Amino acid sequence: MQSRIVIRRGALAKLGTLVRSVATARRAAVVSDANVAALHGPAALTALRSSGFDAELVTFRPGERTKRPRELARLWDELAAMALGRSDLIVALGGGVIGDLAGFAAATWLRGVMWIGVPTSLLAQVDSSVGGKTAVDLTHGKNLVGAFHQPRLVVVDPDLLATLPRRHLRAGLAEVVKIGMATDARLFAWVERNLEPLVAAETRALEAAVVRAVGAKARIVRADERERANGPRTALNLGHTLGHALEAARGYRGILHGEAVAIGLRAAARLSMRTARLAPRDAERLERALDALGLPRRMPPTPLASLLQAMAHDKKRTNRSVRWVLTPRVGHASVPHPVDSRLVKAVLLSLGARG
Ligand SMILES: NC(=O)c1ccc[n+]([C@@H]2O[C@H](COP(=O)([O-])OP(=O)(O)OC[C@H]3O[C@@H](n4cnc5c(N)ncnc54)[C@H](O)[C@@H]3O)[C@@H](O)[C@H]2O)c1
Ligand SMILES: [Zn+2]
């Protein structure tokens, strides 16, 4: 079932009313990280309580390393301590890490309870809060344990981005570029025309980016909710074969998901020129947009062997070879397919991998 998505400045203050319109629950476990809880937790709790929810906050350490089985187990214990019941709900108040963790807890707690997404990072507002993918990471690879579990409602308040650190803002813009490059040439061209207000974090530009990216992603998810093999949703994995491997190879430290995706997009563009007839001009457009958004041009020094090993655990892998989503032109992506490993190695080395 598709989620209802509300995108509106000031929506956080209306969270209670919005959630009440879809839920009869008594209790609400509000899952967040320490940064977001300090900034926006009180407003969320007040709004929920004023609509009659018995709302309690559960907080985690900020960062990707919270998205792992140990923290998930802690969250289950907290839900047990709260005696969260089948007809209660979970609210994910935070970035993609909290959305993926709390969403997976909702998928598994009592075999599934309702959850509501309140994405607070740009990355979560434009991408991860839509589509119902939830997961935790393992040392072996990203998102290896997870479930499809759609939030009943997603409440996006672009005003919350005012407190988001610039580095995380840029990381979110990488996913906007990805959605445009892979699925929506008009979105991509719009980003190219709005690079300046976007990096300057102008609220109106960010709000427009959220509306356009969510629209594009929701269209794809509607067509292919469960990401069938070779279905249209696989396009959204553009840049993620290398992106995920890079995060895993570095132990989910130091590099943000969006930064890893930016490097993965550059790799996909370089491979696409060689094997998918991407015009050099279009590859340049992609690299130039990433440059202008202040996204990294090279990965931090990472052994080639660790990257190849991490890729071998990627979910897009078939029996023998790692498969890549490539792009033949702006606004389009191919279904995942194998690429010659010598070519892959050359491209990884060009992006800073250590041989
Ligand atoms: N489920 C999906 O479809 C999907 C899609 C894309 C990415 N993801 C996942 O999302 C994760 C990355 O998400 P992310 O980049 O949001 O990371 P994140 O959740 O760690 O948030 C980024 C940082 O910003 C802070 N923050 C968030 N909102 C803030 C605000 N309003 N003000 C101040 N600080 C704020 C957080 O505390 C954190 O330090 C990755 O694990 C990735 O795999 C999932
Ligand atoms: Zn991503």
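These legends describe close-up views of a predicted model.

Local features here need pLDDT of at least 70 and side-chain atom pairs pLDDT 80 or more, while totals for chains, interfaces and linings use all residues. Residues are numbered from 1 along each chain as its sequence is written, chains are lettered from A and ligands numbered from 1 in the order written, and side-chain values use heavy atoms, without hydrogens and water.

**View 1. The zinc site (ligand 2).** Three protein donors hold positions 2.0 to 2.1 Å from the zinc ion: Glu175 (OE), His240 (NE2) and His257 (NE2). Donors are N, O and S atoms within 2.8 Å of the metal (3.2 Å for Na, K and Ca); water is not among the atoms, so sites may look incomplete. Along the chain, the donor spacing reads E-x64-H-x16-H. Glu175 sits in helix 6 (residues 166–183) and His257 in helix 11 (residues 257–275), so this pair links distant parts of the chain, 82 residues apart. Helices are DSSP runs of H or I with at least four residues, strands are runs of E with at least two, and both are numbered from the N terminus. Glu175 and His257 are both buried. Buried means under 20% relative accessible area, exposed over 50%, and partly exposed in between (1.4 Å probe, protein chains only).

**View 2. Helix 11 against helix 12.** Helix 12 covers residues 280–292. The two helices pack at about 170°, and their axes are 9 Å apart. Helix 11 is therefore roughly antiparallel to helix 12. Axes are lines fitted to C-alpha atoms, for helices over the stretch in contact, and angles run from 0 to 180 degrees between N-to-C directions. Angles under 35 degrees count as roughly parallel, over 145 as roughly antiparallel, 65 to 115 as roughly perpendicular and the rest as oblique. Helix 11 contributes Ala262, Leu265, Arg266, Ala269, Arg270 and Met273 to the contact. Helix 12 contributes Pro280, Ala283, Leu286, Glu287, Leu290 and Asp291. Contact means heavy atoms within 4.5 Å. By class, the contact residues are eight nonpolar, no polar and four charged. Ala, Val, Leu, Ile, Met, Phe, Trp, Tyr, Cys and Pro count as nonpolar; Asp, Glu, Lys and Arg as charged; the others, Gly among them, as polar.

View 3. Two strands pair if DSSP finds at least two bridges between them.

**View 4. Strand 4 and its partners.** Six of the six residues of strand 4 are buried. Leu89, Val91 and Leu93 point one way, whereas Ile90, Ala92 and Gly94 point the other way. Strand 2 (residues 27–33) runs parallel to strand 4 (residues 89–94), joined by five bridges. Ser32 has Leu93 as its bridge partner, and Val30 stands opposite Val91. Six bridges pair strand 4 with strand 5, also in the parallel sense. There, Leu93 stands opposite Val118.

View 5. Asp88 lies in the loop between helix 3 (69–82) and strand 4. Asp88 is buried, at 7% relative accessible area. Not counting residues up to four places away in sequence, Asp88 touches Ala25, Arg26, Arg27, Ala83, Val113 and Met114.

View 6. Most residues other than glycine have a negative phi. Asn143, in strand 7 (residues 141–148), has a positive phi of about 50°. Asn143 counts as buried at 17% relative accessibility. Asn230 has phi near 65° and lies in the loop between helix 9 (203–223) and helix 10 (240–249). Asn230 counts as partly exposed at 43%.

**View 7. Val330 in its loop.** Val330 lies between strand 10 (323–324) and strand 11 (337–338). Val330 is buried, at 9% relative accessible area. Neighbours within four places in sequence aside, Val330 contacts Met181, Ala185, Phe188, Asp282 and Arg285. The C-alpha atoms of Val330 and Ala283 are separated by 8.5 Å.
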